Amino acid sequence: MTSERIRRWKLALGDDDMEGLGERDQRMSLALSVLYESEGRKGRGGLGASSPKVSRWLGDIREFFPSPVVQVIQKDAFERLNLKALMLEPEFLETLEADVHLVADLISLRGAMPSKTMETARAVVNKVVEDLMKRLQSKTVEKVRGALNRSQRTRRPRHADIDWPRTIRANLRHYQEDFHTIVPETLVGFARKSRTQADLDHVMLCVDQSGSMASSVVYASIFAAVMASLPVLSTKLICFDTAIVDLTEDLADPVKVLFGVQLGGGTDINAALAYCETKIDRPNKTHLVLITDLYEGGDAGSMLARVAALKQSGVNVIVLLALSDDGRPGYDARHAGAIAAMDCPVFACTPDQFPDLMAVALTKQDIGQWASANGIGLVRGA
């Protein structure tokens, strides 16, 4: 066996014998051993309650591993070593690699945070929000605007509303070679941009804020804020556990929205849907995106009946079992199957897929077909 292969096996297995490992490899092995060999190994593990010691350890893993791996190790450390108490210290909080999971942890801990930590927490959350907005905003705006424009095409547009790229493509056969120009016999344009409130499509994100849905809440809040910035769309954000929080008025400030979320608690989907019903006055123009794992702590029978009534009234009901990068979510298969049988699409969605989903929904295309074409597994009706 080559020395490089031996080195890799020692690092992978956490071998006590570090002979042959360089100083940097020994530090890497120790950093991983603190976390992954802390249980049941005498003389091993534990970061204790020492903030400086944890900070040094976090510095080591940031040195040895790329950011995505650091985030995974950090998440494991919070669960295995119970480091959440240290997050109440601003000096420690500043050393953490900021990501969606960290934001969720900060939101859940904010009630216990001293004021000096709250300032740092807001700065961390703001950084993650800015990064997510850069990543998701342009695609969401492009897809949503494009979908609404396609659904509002007109052949008699005003000059300011002419869609020139589409008009040129539609008139290529009228190219005049002598004049090096195209005669636009057919104009393709957008509908008037000043759409009335009655003309608007309404998107309602109804988001389960129980602990298991934490990263979904963060992403949903970002998307709601982006869509709310578009005057061609009416957007609402309602979060719920056993209580209901309507955050629509705060959508101009995504950080404020996130600090208005109450992560944890039980789940009353039926009550949340009842609240949403009171906010729907144009069912045929409303897209209700229910983001929940469907573990209902309230009246499950009434919840299913309410979904059926919303669907029958003309509301486009979409159920996302998760809006996250976390892989296949756990969910109540019985409720998911019952809702899928009502001809409502039920599936999990990543943040990168969400703008395309909204474009499909707004143009009233078949979401099931879109999901299948993109390798997304839909729940089958039971």
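1. The largest nonpolar core has 72 residues, and those with the most contacts inside it are L106, L205, L237, L320, F347 and F354. Helix α7 (residues 115-151) provides the largest share of this core, 13 residues. Apart from it lies another core, of 26 residues, including M303, L310, V319 and I339. A nonpolar core is a set of buried Ala, Val, Leu, Ile, Met, Phe, Trp, Tyr and Cys residues joined through side-chain atoms within 4.5 Å. In soluble globular proteins, nonpolar side chains tend to be buried together.

2. On the basis of the note: this is a predicted model, in which local features need pLDDT of at least 70 and side-chain atom pairs count only at pLDDT 80 or more, while totals for chains, interfaces and linings use all residues. Residues are numbered from 1 along each chain as its sequence is written, and side-chain values use heavy atoms, with hydrogens and water left out.

3. L320 touches V289, L290, I291, T292, F347, C349, F354 and L357, not counting residues up to four places away in sequence. Contact here means heavy atoms within 4.5 Å. F347 and F354 are, with L320, among the residues with the most contacts inside the largest core.

4. Helix α6 (residues 100-109) is largely enclosed by the rest of the structure, because eight of its 10 residues are buried. These are V100, L102, V103, A104, D105, L106, I107 and L109. Buried means under 20% relative accessible area, exposed over 50%, and partly exposed in between (1.4 Å probe, protein chains only). Helices (H or I, at least four residues) and strands (E, at least two) are DSSP runs, numbered from the N terminus.

5. D208 is placed in strand β3 (residues 201-208) and is buried, with a relative accessible area of 0%. Its side chain is joined to that of T292 by a polar contact of 2.9 Å. Such a contact is a pair of N or O atoms within 3.5 Å; within protein, one must be able to donate a hydrogen and the other to accept it, and residues adjacent in sequence count only if both atoms are side-chain atoms. Leaving aside residues up to four places away in sequence, D208 touches M213, V217, F240, T267, I291, T292 and D293.

6. The largest pocket has a volume of about 450 Å³. Of the 24 residues that line this pocket, H101, G211, S212, A214 and S215 lie nearest its centre. Helix α6 gives the most to this lining, with four residues. By class, the lining has eight nonpolar, nine polar and seven charged residues. The second largest pocket has a volume of about 330 Å³; among its 19 lining residues, K311, N316, D343, P345 and I367 are the closest to its centre.

7. A search of the whole structure finds one cavity of 30 Å³ or more, and the volume of the largest cavity is about 40 Å³. Q71, Q74, K75, F78, D99, H101 and L102 line this cavity, with α4 (67-81) giving the most, four residues. On a 1 Å grid over the protein atoms alone, a cavity is a set of points where a 1.4 Å probe fits but cannot get out, and a pocket is an open set with protein on both sides within 12 Å along at least five of seven lines; lining residues have an atom within 4 Å of a point.

Definitions and conventions:
Grid points are joined across faces, edges and corners, and a volume is the space filled by probe spheres set on the points. Ala, Val, Leu, Ile, Met, Phe, Trp, Tyr, Cys and Pro count as nonpolar, Asp, Glu, Lys and Arg as charged, and the others, Gly among them, as polar.
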